[in-house]
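Open the model in a viewer and keep the selection tool at hand. The stops below run from the whole chain to single residues.

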Amino acid sequence: MQSIKVKSHIGKDGILHIPLPEIRDTEVEAIIVYQPLQKNENPSLASLYGICADDPIIINDDGTKLSDRFYGCIQDETFVRHPPIAIPNRL
């Protein structure tokens, strides 16, 4: 048994299309569990809380990013760290 999770749009015809390119000319038994999604074009700040939990941004006490602390630690002579790109100030 295989399981997949997809987000899809059901049109006015009421048909849910689920492409399964790896399965052809085969009978299958399918169980559909669906949950209508709320249309929320501007998510609240509360709904975004914790989305970076798996990839936190760490700032040192002096305000530099953690990646800046490791500058020069790669001992590969072919590695090149390019200078940062100048970003213009925005109003």
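Accessible areas here come from the Shrake-Rupley method with a 1.4 Å probe. This is a predicted model.

Start by selecting the whole protein chain. Of the 91 residues in the chain, 1% are buried. Switch to a cartoon view: the chain has 2 helices and 0 strands.

Next, select Ile4, Val6, Ile10, Leu16, Ile18, Leu20, Ile23, Val28, Ile32 and Tyr34, and show their surface. Together these residues make a nonpolar surface patch of about 940 Å².

Keep Leu20 from that selection. Leu20 sits in the segment before α1, the helix spanning 45-48. Is Leu20 exposed or only partly exposed? Its relative accessibility is 33%, so Leu20 counts as partly exposed; the class lies between the cut-offs of 20% for buried and 50% for exposed.

Now turn to the largest pocket, which holds about 1300 Å³ of space. To find its centre, select Ile4, Val6, Ile18, Ile32 and Val33, the nearest to that point among the 27 lining residues. Colour the lining by class: 16 residues are nonpolar, 6 are polar and 5 are charged.

The last stop is Asp25, also in the segment before α1. Asp25 counts as exposed because its relative accessibility is 85%. Check its backbone: phi of Asp25 is near 50°, a positive value in a residue other than glycine. Most residues other than glycine have a negative phi.

Terms used:
Residues numbered from 1 in each chain as written. Predicted model: local features only at pLDDT ≥ 70, side-chain atom pairs only at ≥ 80, totals over all residues. Heavy atoms only, no water. 1 Å grid on protein atoms, 1.4 Å probe; cavity = no way out; pocket = protein on both sides within 12 Å on 5 of 7 lines; lining within 4 Å. Points joined across faces, edges and corners; volume = space filled by probe spheres on them. Nonpolar A, V, L, I, M, F, W, Y, C, P; charged D, E, K, R; others polar. Helix = DSSP H or I, 4+ residues; strand = E, 2+ residues; numbered from the N terminus. Buried < 20%, exposed > 50% of the residue type's maximum accessible area, 1.4 Å probe, protein only. Patch = residues over 30% accessible without salt bridge, like charges linked within 9 Å, V, L, I, M, F, W, Y side chains within 5 Å. Salt bridge = Lys/Arg side-chain N within 4 Å of Asp/Glu carboxyl O.
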